[in-house]
Amino acid sequence: MALIDEIRQEAKRLLEEKRVDVIIGYRKGTLPLRSTPAFIRNSDEVEGLIFDPTCSNNLASFANRFEGKVGVIAKGCDARSLITLVVDRQIDKENLVIIGIPCPGVIDHRKVRHRLRGREVVDGLILEDKVVVKGRDLKEDFPISEVLSGSCQVCQYQTPPVYDLLIGYQIKKEGRPFEDLKEFKEKCPGERRNFFEEEFFRCIRCYACRQVCPACFCEYCIVDRTKPLWFGKTTDLSDTLMFHLIRAYHTAGRCVDCGACHRACPMGIDLRLLNKRLEEEVAERFGFQAGLDLERPVPLSAYKDEDTQEFIM
Amino acid sequence: MDSSHEIKDWQPKILAFLCNWCSYAGADLAGVSRTQYPPNIRVIRIPCSGRVDPMFILKALQQGFDGVLVSGCHPGDCHYISGNYYARRKFALIKALLEFIGVEEGRIQFSWVSAGEGEKFAEVVKKITTDIKELGPAKCLVKNRINPSGGL
């Protein structure tokens, strides 16, 4: 049986047995090569569910918005985000069913656009490991690997590490989580500053990165607060940098590098870099990786006597 | 004021967050013992080093301070049992993040100074002042530069 049939069958069973009130998955979007989150309450709607490399949303960001029991069709990153939400007590594990699925990686639309040099796609589909696009004066196919999202290229957990039920097969792949950072860290502070200033100079403060992030779960975000006003709401470079530093810092130990922020950014800013650096520091210093363990608290809400403190006088 | 004059006379402004129970008392001891240290720090007394939200550090840099010092009780001595242990984790991450975006190493520093360590407090202030004098005025994150010739 194909993977998608198994997903539909499992979703149907969970709904019929009343183990969940809603299934969060994906259905076809209205634009070519797009999918959109689907919230399914009736078992006869499960036929609309899809799963392919266009399913790029991190569904964990919707899971804490429902009353009752929620079943989430979860890729590796979605499942890890769900685990961090459980650890942070944003979701009650009793009310959550993680339906794990193997994910070969999702496509980055910016890369597709770049590859097609602005030519408009009218129709597109995924055929095994190829993307097929059609449009006026356009008929092309290319391997998915060429337009794979950056976070998927270095992904370590394509199959969820923690799940309630697993559909399909386990994918095993050597991840290289901090590959992107190596070269960057060798630059001098001035070069790094210039890079970030150029990068964040483009930010229009639309907060798409915050909205899409499952680790940004505060009900009252610091950037919406005016008393005290921690930093301006302008697109002044200093204010923008402050926003992005705080965004990254607040997700430290929670970010699973799903890459949703980067894909959501309308300006194509490399948002993963800051989070990645914190992820690395958390891994090296506290031996912690987000979303692998239901028991271990996030590193900033715990401590150990023997934590390293070589940087303190 | 021409810029060469400005650079020659430039004195860094450093914001120091001192915990009420140890470092603030340490600073006080340095004072009553008449231990000399550079007058470049502006002190804010806080109940515990755990009170220091990393936002305070970012805000200080944004508002034009050239350096930030956070000082609290030694591990095991926290008045609130574990505030400084949480603080230690927060500082490790904010330091890593700031250095990653290009804030020079040494611009933000952390220390443990107990109420009996007036000498150590003076040493800490000497060190951070020397370090920041070498680094020059802060460039990263700055929005409102503090007037170099006057007060705050």
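## Where chain B meets chain A

In this predicted model, 45 residues of chain A and 38 residues of chain B make up the contact between the two chains. Put together, chain B and chain A bury about 3900 Å², and 71% of that sits on carbon and sulfur atoms. On the chain B side, the residues that lose the most area to chain A are B:Arg89, B:Leu93 and B:Phe100, which together account for 24% of what that side buries.

Now for the polar side of things. Between chain B and chain A there are 19 residue pairs in polar contact, counting pairs with both residues at pLDDT 80 or more. Four elements of chain B, namely α3, α4, β4 and α5, each put at least two residues into the side that touches chain A. Of the elements of chain B, α4(B) gives the most to that side, with 15 residues. Sorted by type, the chain B residues on that side come to 23 nonpolar, 10 charged and five polar.

Salt bridges get their own count: two between chain B and chain A. Take the one that pairs A:Asp239 with B:Lys143, where the closest N and O atoms are 2.6 Å apart.

Here are the chain B elements from that list, with their residue ranges.

| Element of chain B | Residues |
|---|---|
| α3 | 54-62 |
| α4 | 83-100 |
| β4 | 108-112 |
| α5 | 118-135 |

What does chain B look like as a whole? Chain B has five helices and four strands, and reading from the N terminus they run α-β-α-β-α-β-α-β-α. Chain B is 152 residues long, and 56% of those residues count as buried. If you take the contacts in chain B between residues at least 6 apart in sequence, 82% of them join residues at least 24 apart. Chain B exposes about 6400 Å², with carbon and sulfur atoms supplying 51% of that area.

Over in chain A, have a look at A:Val70, which sits in strand β3 (residues 70-74). Is A:Val70 buried or exposed? A:Val70 counts as buried because its relative accessibility is 2%, and the cut-off for buried is under 20%. Setting aside neighbours within four places in sequence, A:Val70 is in contact with A:Val20, A:Val22, A:Ile24, A:Ala63, A:Asn95, A:Leu96 and A:Val97. As for A:Glu6, it lies 64 residues from A:Val70 in sequence and 18 Å from A:Val70 in space, C-alpha to C-alpha.

Key:
Residues are numbered from 1 along each chain as its sequence is written. Chains are lettered from A and ligands numbered from 1 in the order in which they are written. This is a predicted model: local features need pLDDT of at least 70, side-chain atom pairs count only at pLDDT 80 or more; totals for chains, interfaces and linings use all residues. Side-chain values use heavy atoms; hydrogens and water are left out. Contact means heavy atoms within 4.5 Å. Buried area is the accessible area (1.4 Å probe) that two parts lose on being put together, summed over both. A salt bridge is a side-chain nitrogen of Lys or Arg within 4 Å of a carboxyl oxygen of Asp or Glu. A polar contact is a pair of N or O atoms within 3.5 Å; within protein, one must be able to donate a hydrogen and the other to accept it, and residues adjacent in sequence count only if both atoms are side-chain atoms. Ala, Val, Leu, Ile, Met, Phe, Trp, Tyr, Cys and Pro count as nonpolar, Asp, Glu, Lys and Arg as charged, and the others, Gly among them, as polar. Buried means under 20% relative accessible area, exposed over 50%, partly exposed in between (1.4 Å probe, protein chains only). Accessible areas come from the Shrake-Rupley method with a 1.4 Å probe; for residues, only the protein chains shown count as cover.
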